[in-house]
Amino acid sequence: EAVVDDCRGEAELQRRSFVHRHVFPMCPHWACFLMDNPLRGLVLPSRFLRSFVQSGDTAIDVGCGHGAHTVALARLVGPQGRVYGVDAQEECVRHTQRRARRRGLRQATAAEWPACADAGAVTGARFALLHWTLHEAVRPRALLRWLCARAMARGGVLLVVEPRVHVGAEALARERAMACDAGFSFICGLRPYTWANGIVFVRP
């Protein structure tokens, strides 16, 4: 199974741009400031998250980068909730932890993928966000299977958000199929903001 998944992950990589295949398999941590700066509220609003979480929830921000959505989710779930920022880059994990700590958000923490999956550190989530993440994941099927089988509670909602400029209709359809293959049930598509497409799933 692991070998098959690695082959599928490589096949997904081959569909990416030259830069993604040969230069940066994923957005490097030092480039996160391009999408995470004082203008972020105008460019990548977090308001759409309010429809998916409430006070006391447990949520996961997969591909958290510098933690902007992790912090937004932490504020929404409040001190009785829990938010895990998960990223494959250690620098992003450290940055997210510092960001939450500076804001006094003790309900937010960050962990490195895939170590957190192996350790079983993230469980029982009612909501998971993959914001501009799934199309960059080296092993997207393994990531989705972990979320469905181990990290999320039954009835939990998964929201996949992708940039329209990088991920077209065909690629989005492949991501939808991958999520369903991993065990999620498709609910609907949505437009969280102007330059992004989203897909909503539920964990049966």
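## Ground rules

Residues are numbered from 1 along each chain as its sequence is written, and side-chain values use heavy atoms, without hydrogens or water. Because the model is predicted, local features need pLDDT of at least 70 and side-chain atom pairs count only at pLDDT 80 or more, while totals for chains, interfaces and linings use all residues.

Helices (H or I, at least four residues) and strands (E, at least two) are DSSP runs, numbered from the N terminus.

## The nonpolar core

Let's start inside. A nonpolar core is a set of buried Ala, Val, Leu, Ile, Met, Phe, Trp, Tyr and Cys residues joined through side-chain atoms within 4.5 Å. Here buried means under 20% relative accessible area, exposed over 50%, and partly exposed in between (1.4 Å probe, protein chains only).

The largest nonpolar core has 32 residues, and those with the most contacts inside it are I60, L130, L144, W146, L147, L158 and F184. Among the elements that each supply at least two residues of this core are strand 1 (58–62), strand 4 (125–131), strand 5 (152–163) and helix 8 (169–181). Helix 7 gives the most, with six residues.

## An enclosed helix

Helix 4 (residues 68–77) has eight of its ten residues buried, so it is largely enclosed by the rest of the structure. Its buried residues are A68, H69, T70, V71, A72, L73, A74 and V77. After helix 4 comes G78, which has a positive phi, near 75 degrees.

## Three salt bridges

With a salt bridge taken as a side-chain nitrogen of Lys or Arg within 4 Å of a carboxyl oxygen of Asp or Glu, the whole structure holds three of them. E90 pairs with R94 (3.0 Å, N to O); both lie in helix 5, four residues apart. E170 pairs with R174 (3.4 Å, N to O), again four residues apart, this time in helix 8. An α-helix has 3.6 residues a turn, so residues three or four places apart point the same way.

The remaining bridge joins R141 and D181, with the closest N and O atoms 3.8 Å apart. This pair links distant parts of the chain, R141 in helix 7 and D181 in helix 8, 40 residues apart. R141 is buried, at 18% relative accessible area, whereas D181 is exposed, at 60%.

## A positive patch

R75, R98, R101, R102 and R103 form a positive surface patch. Helix 5 (residues 90–102) provides the largest share of the patch, three residues. R101 lies in helix 5 and is exposed, with a relative accessible area of 59%.

Such patches are made of residues with over 30% relative accessible area and no salt bridge, with like charges joined within 9 Å and nonpolar side chains (Val, Leu, Ile, Met, Phe, Trp, Tyr) within 5 Å.

Methods: Accessible areas come from the Shrake-Rupley method with a 1.4 Å probe; for residues, only the protein chains shown count as cover. Lys and Arg count as positive and Asp and Glu as negative; His and the chain ends are not counted. The place of a charge is taken as NZ of Lys, CZ of Arg, CG of Asp or CD of Glu.
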